[in-house]
Amino acid sequence: MPELESFSLDPASPSDWSAVRAQGHRMLDDLFDHLAQIRERPVWQPIPAEVRAAFDAPLPAAPVALAEAHGRFMTQVLPYAVGNTHPRFMGWVHGGGTVEGMLAEMLAAGLNANLGGRDQMPLEVERQIVRWMRDLFAFPATAGGLLVTGSSMANLIGVLVARTRALGVGSRETGVADPSLGRPLVAYTAASAHGCVAQAFAISGLGTQALRHVPVDADHRMDLVALESLIAADRAAGLRPFLVVGTAGTVDTGAVDDLDALATVAERQQMWFHVDGAFGALGMLAPEIAPRLRGIERADSIALDFHKWGQVPYDAGFILVRDQADQLAAFASPAAYLARHPRGLAAGSPWPCDLGPDLSRGFRALKVWFTLVTHGTERLGAAIGHSCRLAQRLKDRIDAHPLLERLAPVALNIVCFRYADPASGLSAAQVDRLNTELVADLQESGIAVPSTTTVGGRTAIRVALVNHRTVASDLDVLLDAVLRLGARRVRLAATTRLPDPSFPLETTP
Ligand SMILES: *Cc1c(COP(=O)(O)O)cnc(C)c1O
């Protein structure tokens with residue numbers, strides 16, 4: 001049976017290998033060209049219907065050439081991505097990515113490493129990242145950590161570790177509803193916290209009602225007096241406060257909770273202190289930002305994203321836990337097929353699969369390691385400081401302009417504002433609607449991509465400066481476009497006789 005000796009999906013002959021090699025180099029060159037010419041491209045463009053339809057094809061039985069698949073990527077996928085590599089992408093909180101991280105992804109894929117466990121050097125790369133984060137946040141040698149998809153997963157892991165710590169390992173068998181576990185658990189986070197924290201409560205089985213949303217002060221930080229009184233009321237009602245989740249950089253406005261004060265409350269109340277530092281925690285790398293995070297070093301666990309301010313290509317989230325024993329208690333499970341041995345490939349316990357829900361996992365650590373070593377923390381920190389200075393510059397320009405209104409303080413790198421012409425005579429609801437449409441106009445123009453949020457009940461244009469490629473003149477281009485398209489929207493409103501709710505729905509060129 002000769003085919004039993006020769007079957008493989010790899011190229012069959014040396015000449016096939018040289019063809020795939022040449023094609024691979026072309027693919028790499030295309031990506032370098034794309035990044036080198038990024039400024040000449042629209043940030044984003046709507047997906048044509050025929051392009052979308054091209055990916056509604058039947059499952060392919062026969063092969064197409066690699067060059068053809070690549071051609072389709074270049075014409076049908078690459079032009080219609082979100083655009084967060086572009087310097088004028090300012091929507092949501094997206095990192096810009098690094099060339100080094102991109103290349104590391106290719107190396108990691110070539111190795112096809114599975115980082116669930118076993119005794120392999122790729123795991124030492126991940127452990128290096130864990131030790132670096134331990135040192136960055138001044139955590140003790142007992143700390144453990146894990147690379148995960150993103151902070152949604154990292155925050156979930158933080159909640160699960162805190163839950164198991166509070167209820168005991170036995171609760172993993174009996175479930176959270178076991179009446180012998182005592183008083184029901186209750187936790188606290190600011191009203192401005194990311195939605196994934198509540199989601200973690202839904203997934204954990206504790207339920208979202210077990211999470212109190214504490215009011216915020218004028219700076220959008222958790223109100224500490226309100227926190228203490230909620231805790232007292234819950235204790236009086238027979239509940240058991242077990243966790244407080246602080247935020248280092250809220251997603252709406254970039255506010256940083258008073259982490260040191262939260263650590264003190266958590267200590268006094270014997271609660272777990274978790275910090276959602278999705279984008280803000282890496283502010284530790286910027287000397288001018290780090291003091292604002294004071295108290296983060298007292299956390300029991302920290303969630304953060306390398307793929308936001310760390311600029312590492314997606315996805316690269318991280319959870320750091322002060323005592324790895326707590327993480328093991330929440331996740332490690334015996335299984336015959338995962339047995340450990342003092343020598344051979346089954347050595348090197350504990351494994352990442354003991355520290356989180358995933359067994360098979362990719363080599364995310366490599367792109368993090370490449371980005372950290374090839375840029376160094378000083379330059380990565382400088383990129384973070386740079387985006388905060390850009391935010392201040394944008395704030396100053398907004399404050400100086402009569403048609404622009406700022407809606408929130410600028411703590412870090414996020415600026416919330418809107419176009420509001422006092423002479424336009426528009427109602428409050430119309431101004432909200434105008435700004436929603438204005439952001440869609442901006443996105444469709446390809447000039448710049450901010451997103452929207454609601455601050456104090458009002459619709460804001462939200463600019464999150466994360467991308468290391470953004471410079472001051474990009475902000476000027478953004479504001480020029482806001483003013484031009486905003487004035488057009490006001491003119492449109494003046495000529496539209498439609499009643500309020502449907503105003504001005506249509507987008508005219
Ligand atoms: C982005 C973000 C998250 C969610 O992180 P993902 O990496 O998108 O899963 C959570 N909290 C905050 C404050 C964020 O900015």
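How many residues of the shell around the ligand are nonpolar, polar and charged? The shell divides into four nonpolar, six polar and three charged residues, where Ala, Val, Leu, Ile, Met, Phe, Trp, Tyr, Cys and Pro count as nonpolar, Asp, Glu, Lys and Arg as charged, and the others, Gly among them, as polar. The model shown is predicted, with local features requiring pLDDT of at least 70 and side-chain atom pairs pLDDT 80 or more, while totals for chains, interfaces and linings use all residues. Residues are numbered from 1 along each chain as its sequence is written, and side-chain values use heavy atoms, without hydrogens and water.

View 1. Around the ligand stand 13 residues, of which Ser-152, Asp-276, Asp-305, His-307 and Lys-308 come nearest; a residue is near if one of its heavy atoms lies within 4 Å of the molecule. Polar contacts are pairs of N or O atoms within 3.5 Å. The side chain of Ser-152 has an N or O atom 2.6 Å from an oxygen atom of the ligand. For Asp-276, a side-chain N or O atom is 2.7 Å from a nitrogen atom of the ligand. His-307 places a polar side-chain atom 3.0 Å from an oxygen atom of the ligand. Of the 380 Å² of accessible area that the ligand has on its own, the protein covers 86% (Shrake-Rupley method, 1.4 Å probe).

**View 2. The open sheet.** Seven strands form an open sheet in the order β1-β7-β6-β5-β4-β2-β3, with mixed pairing. Strands are DSSP runs of E with at least two residues, and helices are runs of H or I with at least four, numbered from the N terminus; two strands pair if DSSP finds at least two bridges between them. Because β1 (144-148) and β3 (211-214) stand at the edges with a single partner strand each, one side of each is left without a neighbour in the sheet. Strand β2 (residues 185-190) runs parallel to β3 and is joined to it by four bridges. Ala-187 has Leu-211 as its bridge partner in β3.

View 3. The peptide bond from Tyr-314 to Asp-315 is cis, with omega near -10°, and Asp-315 belongs to the loop between β6 (301-305) and β7 (317-321). A cis peptide bond also leads from Ser-349 to Pro-350, with omega near 0°; Pro-350 is in the loop between α12 (324-331) and α13 (364-400). Asn-112 is not a glycine, yet has a positive phi of about 50°. The place of Asn-112 is the loop between α5 (99-111) and α6 (121-136).

Note on methods:
A polar contact is a pair of N or O atoms within 3.5 Å; within protein, one must be able to donate a hydrogen and the other to accept it, and residues adjacent in sequence count only if both atoms are side-chain atoms.
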